[in-house]
Amino acid sequence: MFSKEESRLIRQEFWTSFGKSFPRKWILYNTKIKGLSFKFHFDTKSALIALDLECDLENRIALWGKLLALKSILKKEYLPDVIYEDTYFLENGKEISRIYLPLEQKATIHNKNNWQDVMVFFNINMILFEAFFEEYNDFISS
């Protein structure tokens, strides 16, 4: 078991190592579409990349419809195993819509032996996710 402080330091070390190993300016929150953001997630249970819709319901429904129209393209040309969930609950209970790709192998941020595999997974797949977004950004944001 790790104390909260030890866990915080381990998480900080992972994200610092990731940034140094794969230096790149990720889109993340800078999508220029309100409520639409990309996320990296890695904790003691899982690792995944995601595109989250956290806007008001009306805009979320509109954006979700556009992303749903692109689902076959995203799966065929970019991320074949991506998962679409129109209703996804965050740990804090907030309801969002999420498109995500989990790392299939068991990984925990507290085990440094997992880190390289997770970093490679994040880098390869987020580059593809962002390429999809950049290609279809005009359609999504219209």
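1. A crossing of two helices is called left-handed if the near helix is turned anticlockwise from the far one by less than a right angle, and right-handed if clockwise. By that rule, H2 and H4 cross in the right-handed sense.

2. This is a predicted model, in which local features need pLDDT of at least 70, side-chain atom pairs count only at pLDDT 80 or more, and totals for chains, interfaces and linings use all residues. Residues are numbered from 1 along each chain as its sequence is written, and side-chain values use heavy atoms, with hydrogens and water left out.

3. Helix H2 spans residues 57-69 and helix H4 residues 112-141; their axes come within 10 Å and cross at roughly 130°. H2 is therefore oblique to H4. Axes are lines fitted to C-alpha atoms, for helices over the stretch in contact, with angles from 0 to 180 degrees between N-to-C directions. Angles under 35 degrees count as roughly parallel, over 145 as roughly antiparallel, 65 to 115 as roughly perpendicular and the rest as oblique. Helices (H or I, at least four residues) and strands (E, at least two) are DSSP runs, numbered from the N terminus.

4. On the H2 side, Leu 63, Lys 66, Leu 67 and Ala 69 meet Phe 132, Phe 139, Ile 140 and Ser 141 of H4 (contact means heavy atoms within 4.5 Å). Six residues of this contact are nonpolar, one is polar and one is charged. Ala, Val, Leu, Ile, Met, Phe, Trp, Tyr, Cys and Pro count as nonpolar, Asp, Glu, Lys and Arg as charged, and the others, Gly among them, as polar.
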